[in-house]
Structure formats: C-alpha cells, structure tokens
Amino acid sequence: MKITALQTYLVPPRWLFLKVETDEGISGWGEPVLEGHAETLAAKIKELEDFLIGSDPLRIEDIWQMLYRNGCYRGDPVLMSALAGIDMALWDIKGKYLGAPVHSLLGGPVRDKIRTYCWIGGDRSENLIEGVLALKAQGYSAAKMNICEELQIVDSYAKIDGIVRKLFELREAVGTSMDLAFDFHGRVHGPMAKVLLKELEAIRPMFVEDAVVSTQVDLMAELASTTSIPLAIGERLHSRYDFKPVFEKRAASIVNPDTAHVGGISEMVRIGHWAEAYDVALAPHCPLGPIALAASLQVDAVCHNAFIQEQSLGIHYNSASDLGDYTLPGAGLTVKDGYLDIPNGPGLGIEIDEEKVERAAAEGHRWRAPVWRHEDGSISEW
C-alpha cells in the first residue's frame, strides 16, 4: 500500500482537517491544526507531500521519525502540529486496514470511557454560575474556565479580590457537586500567580492550568512546591523533550499535551507513559475538532494515568460549527453522564461526513486570537 494524496480542508469554526489517501482505497483522517494558524499548517502539509507520496502508510514510526528528523529544524508548534495530523491519519489507515481500533493496536484499552469536561465563561470568564449549572444539568461533573482577563505582571489587590470573589461565588453556587478547573492561560505572571494560588486554595480547584507561561518551567516548579493545588502544564509544549524538564523539576502533577500539537498519537502515548513513571496524571488538551478528540480518546484508552479529557462541545469559539457537525449520523463521539465513550470502530473510530467537510471548506474560516492591551497600552497575554 502506498500514499497517493494528501488533502487539507479549512473548516469552521477554526479547524483544519487532513485526508490521506492510498492506492488501496483506504483513507485516513487527521487534524493538523494550530489555533489561529490553520493556513500555515495547510501550507506545511503541502510541503510534506514530497516526502509522503509513495510511502507505505503502515510504517508509522518510520514516517514519524523521518518527518521529525529531516531538515534540521524540529520540535516547534508548526512542525509538530503538522506531524500530529499526519500521524493521526496514518493510525486511522492502519486501524481500518486491520479492522481494529487504534487502541487495540497499542495494547488494548485499560478503560471503556473517560470523564470529560467542557468550557464555560468564554475568554473573559462571564456568567460562570449559569454556565456551570447548565453543564451540571447535562450530566457533567467538571468544568474549566479562564479565571481572569488582562492582568499586569504586578497588578492591584482590587483586581485580585475581584477574581477571587467571583470564583468563591461560583464554588458556593455549586458546592462540591462540580469539580472546577481554573485556567490562568499564561495571562498571569509569576508575582501574581503566587498570590492567586494562595488565595484560591480554599476553593479547592481540580487543577490550575498554565499558572505561568510554559517557558517558565523553573518558576512553575517553585510555585508547585508552595501550593496544594495540582498544577497542569502541556498545551504549549510540543515533544517529549519539552516535557523532560517538567518531570525532572517536578513542575506539575498533571500534564495536558495536545494530540494535535505534540506529534500525534505516537508521541502522546510516549509522553503519557513517561508521565506515569513520575506519578504525574494525564489530562489531554483538546479544544479542537472531532478528529483530534477521537485521537485523544485512543490515547486515553491505553494510558492508565489519564483521568479526564477536555473537549470543545459548546465552547465559545464554536459559534459556526460544533463537534458533531462533521461526522456521519451514529458514527461520531458519544457523551453520557459526563463521560466520553472510547471509540471502538476501526482506526480512530469515527466516520467523517466528507460532503459536509467539502461544503464547509468552500466557506473556510479566518479565525484569529484577539489582541488585548493593558490600560497603559502595552500588549497583554491572551
């Protein structure tokens, strides 16, 4: 079997899908996207055609190593996200070729379903109580939210008090019936992160994600040593080499790499198993489309330390399209009582509605992250 074509589809709300075709009529799907840079990833996939056309798609590890090591440059968000989409599609092909789900080819599942959470509140964390109660009514037991908007490197206690008050009100509204994860989103710098972590301990969050930006691993390790709140890092790390100092410095007790940004299923499984050796939990990041989520669930199936899975159903970015819009009826992803079922169909376990994908790609999208500024006019972290 040989790879004959790679086709990308830019589809709303902000996703990029990839179809890899073969000369035996078996096709695989991947999601090689980096939020806000979908066109860049489409161009990168086009460049990689030169290495992939004519290759045997069943030699997944050989292709992974060739794309990773070829050309001197490696490990950045664009290259690893492109590699991720290709890796997903190759696993999809192999599973379909052998008539088995990907997790069966990786040793078989250790679970049948995994707990999941959704986002509430949008970029500026509005209407949190209404959002979390709506999720609870749908059967979810966990939610995640941004905790603040613009925050200076050293900001006022009035700003801190406002953040803390809002989150305490949320906890009082839901009691212990919902677990709450707080995303600092890299908007909080070291001086304020130290203050906020201390203030938020009494709310008992499930975890705090990106307490500082991912480049500050030493600082995160310092913060981790001073708080009882589990810290999570990983969505902006792009290979096992990026995670090495996180494990060695004990900078986090949860890692949340993104299957679409970290080199695909192959690298995610390596990172997940490696995290287990440090007694670090796995909570895959995935505010993306159905293909990336299906790939994440294959990882959740085989990593014993996976405990919760992010998903984008109803997320504030999905105003034009949502998770179920691009899969065939009865062949998508199933959420019940706050759990996602592990797909058991061949390959990634979902079936893509190609006609809908083609129609949506004709529309495309130009999603971009917002530009935020502080009151003094300087650029703020988004």
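Reader: Which loop does cysteine 72 lie in?
Author: This is a predicted model, so to speak of local features takes a pLDDT of at least 70, side-chain atom pairs count only at pLDDT 80 or more, and totals for chains, interfaces and linings use all residues. Residues are numbered from 1 along each chain as its sequence is written, and side-chain values use heavy atoms, leaving out hydrogens and water. Helices (H or I, at least four residues) and strands (E, at least two) are DSSP runs numbered from the N terminus. Cysteine 72 lies in the loop between helix H2 (60-69) and helix H3 (77-98).

Reader: Is cysteine 72 buried or exposed?
Author: Its backbone has a positive phi of about 80°, although cysteine 72 isn't a glycine. For burial, we call a residue buried under 20% relative accessible area, exposed over 50% and partly exposed in between (1.4 Å probe, protein chains only). Cysteine 72 has a relative accessible area of 59%, so it counts as exposed.

Reader: Which residues is arginine 69 in contact with, leaving aside neighbours within four places in sequence?
Author: Arginine 69 lies in helix H2, and at 41% relative accessible area it is partly exposed. Contact means heavy atoms within 4.5 Å. With its neighbours within four places in sequence set aside, arginine 69 touches Arg74 and Tyr241.

Reader: What is the relative accessible area of serine 125?
Author: Serine 125 is another non-glycine with a positive phi, near 50°. You'll find it in the loop between strand E4 (113-119) and helix H5 (128-137). Serine 125 counts as buried because its relative accessible area is 4%.

Reader: How far apart in space are alanine 137 and aspartate 337?
Author: Alanine 137 is in helix H5, and it counts as exposed because its relative accessibility is 71%. In sequence, alanine 137 and aspartate 337 are 200 residues apart. C-alpha to C-alpha, their separation is 9.7 Å.

Reader: Which residue does a cis peptide bond join to proline 12?
Author: Look at the loop between strand E1 (3-11) and strand E2 (15-22). Omega of the cis bond is about 5°. Proline 12's partner in that bond is proline 13.

Reader: How many residues does the largest nonpolar core have?
Author: A nonpolar core is a set of buried Ala, Val, Leu, Ile, Met, Phe, Trp, Tyr and Cys residues joined through side-chain atoms within 4.5 Å. Phe17, Leu167, Phe182, Phe184 and Leu196 have the most contacts inside the largest one. Beyond four places in sequence, phenylalanine 17 touches residues including Trp29, Pro290, Tyr326 and Val357. The size of that largest core is 114 residues.

Reader: How many residues are in the other core, which lies apart?
Author: Its members include Tyr117, Ala142, Ala232 and Ile308. The residue count of this other core is 10.

Reader: What radius of gyration does the protein chain have?
Author: The chain's secondary structure comes to 12 helices and 13 strands, and its C-alpha atoms fill a box of roughly 65 × 45 × 40 Å along the principal axes. The radius is taken over C-alpha atoms, and the globule rule is 2.2 Å times the number of residues to the power 0.38. For 382 residues a compact globule would come out near 21 Å, which agrees with the chain's 20 Å.

Reader: What percentage of the residues of the protein chain count as buried?
Author: Among contacts between residues at least 6 apart in sequence, 72% join residues at least 24 apart. Of the chain's 382 residues, the buried share is 57%.
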